[in-house]
Amino acid sequence: MYSEKVMDHFAHPRNVGEIENANAVGEVGNAKCGDIMKIYMDIEDNVIKDVKFKTFGCGAAIATSSMATEMVKGKTVDEALKLTNKAVMEALDGLPPEKIHCSVLAEEAIASAIKDYKQRNGELAADEPTGCTGCCSSCHLHDEENQ
């Protein structure tokens, strides 16, 4: 069963569409379920001025895309990179266990668009990883959590 917020964002998604001449575009997909999310951003002075999405997938995929775009609009790039799938799920008052992957895709799509933005602006090499891969403890990304 979906929450009222999930149903609202599915029935009335926010920020649907494409930004012409977007300076940040990210696309992710899940081969298991077939969901595909594409995020477009207009970033000025490191602030996300506008964000839109196109999602091919189930109601939960559309709802998480809608909520994630609402959550990052007006934020700085660094603030948007901190968006987690857990935060998206909480904002939607939860998702069924079998739909949690949709919130993960939303988080990954935002990160993918920001990676594209940083690459376009010479802030990141094309092959440089972004975010935590969970592979080690030497990156210090989780120092605040461990204190």
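This tour visits some of the salt bridges in a predicted model.

Side chains of opposite charge can pair when their charged atoms come close.

**Stop 1: Asp-93 and Lys-5**

Select Asp-93 together with Lys-5. Their side chains form a salt bridge, with an N to O distance of 4.0 Å. The two residues are 88 residues apart, and the pair links distant parts of the chain. Lys-5 belongs to helix 1 (residues 4-11), while Asp-93 sits in the loop between helix 4 (85-91) and helix 5 (100-120). Now colour by relative accessibility. Asp-93 is at 51% and counts as exposed, because the cut-off for that class is over 50%. Lys-5 has a relative accessible area of 37% and is partly exposed.

**Stop 2: Arg-14 and Asp-8**

Next, select Arg-14 and Asp-8. This pair also forms a salt bridge, and its closest N and O atoms are 2.6 Å apart. Arg-14 is partly exposed at 26% relative accessibility. Asp-8, at 30%, is partly exposed too.

**Stop 3: Asp-116 and Arg-120**

Move to helix 5 and select Asp-116 and Arg-120, which both lie in that helix. They are four residues apart, about one turn of the helix. A salt bridge joins them, with 2.8 Å between the closest N and O atoms. Arg-120, with a relative accessible area of 47%, is partly exposed.

Notes:
Residues numbered from 1 in each chain as written. Predicted model: local features only at pLDDT ≥ 70, side-chain atom pairs only at ≥ 80, totals over all residues. Heavy atoms only, no water. Buried < 20%, exposed > 50% of the residue type's maximum accessible area, 1.4 Å probe, protein only.
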